[in-house]
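Thanks for making the time this morning. I would like to walk you through one model, going helix by helix and then contact by contact, so please keep the picture in view while I talk.

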Amino acid sequence: MTPLGKFILDRRTALAMQQAELAQRIGVHATYLSTIETGGKSPSKIDFLERLANGLELNDAAKVELFVAAKKSRRSIALPRNLSLRGYEAVDGFVDYIEGANDKQLEFVKIMFDGLQRLQINDKSSIAKPIESGEEINM
């Protein structure tokens, strides 16, 4: 189940609402909503999320949570147009890795990425040279 699917299910449960009722409220077929909720598809349009927010009677804070869950549940991503060859190689390697990784390994990867985001390195070239030459990095 995706974060979006869990969000929808949890909210529907809190409202004691069946999928068919929510589907009717937001103007989609129940099988489409089921496919979104089970993670088989990701919604392709913001309009769907807006209707979903209304159908689930979300306040502004919960609506933000819905959009965050939808972003985390994307089944495809668009890579930046100016991505370097090394960037493509990194993405390819990451995809290959996560396809066979278990939850414990994925948790480690998440912790690693969270740490990288916190570093907020301004000059990317200052860290690339030591990594390429094998020098130790002191942070």
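The expected span is 1.5 Å times one less than the number of residues, and helices here are DSSP runs of H or I with at least four residues, numbered from the N terminus.

Before going further, a word on what we are looking at: this is a predicted model, in which local features need pLDDT of at least 70 and side-chain atom pairs count only at pLDDT 80 or more, while totals for chains, interfaces and linings use all residues. Residues are numbered from 1 along each chain as its sequence is written, and side-chain values use heavy atoms, with hydrogens and water left out.

Back to the helix: in α1, the buried residues are Leu 4, Gly 5, Phe 7, Ile 8 and Arg 12, and because they cover an arc of only 160° around the axis, they sit on the same side of α1. That arc is taken from the directions between the helix axis and the C-beta atoms. By buried I mean under 20% relative accessible area, by exposed over 50%, and by partly exposed anything in between, with a 1.4 Å probe and protein chains only. The face of α1 turned away from the buried side carries the exposed residues Thr 13 and Ala 14.

What do the buried residues of α1 pack against? They pack against α2, α3, α4 and α5, where contact means heavy atoms within 4.5 Å.

That brings me to the largest nonpolar core, which has 20 residues, those with the most contacts inside it being Leu 22, Leu 33, Phe 48 and Leu 52. Each of α1, α2, α3, α4 and α5 supplies at least two residues of this core. Such a core is a set of buried Ala, Val, Leu, Ile, Met, Phe, Trp, Tyr and Cys residues joined through side-chain atoms within 4.5 Å. Leu 52, leaving out residues up to four places away in sequence, touches Ile 8, Leu 22, Ile 26, Leu 33 and Leu 66.

Now to the charged pairs. A salt bridge here is a side-chain nitrogen of Lys or Arg within 4 Å of a carboxyl oxygen of Asp or Glu, and by this rule there are 7 salt bridges. One of them joins the side chains of Glu 37 and Arg 12 at 2.8 Å, N to O; Glu 37 lies in helix α3 and Arg 12 in helix α1, so the pair ties together parts that are 25 residues apart in sequence. Both Glu 37 and Arg 12 are buried. The side chain of Glu 37 also makes a polar contact with that of Gln 19, at 3.4 Å, and Gln 19 is in helix α2. A polar contact is a pair of N or O atoms within 3.5 Å; within protein, one must be able to donate a hydrogen and the other to accept it, and residues adjacent in sequence count only if both atoms are side-chain atoms.

At 68% relative accessibility, Ala 16 counts as exposed.
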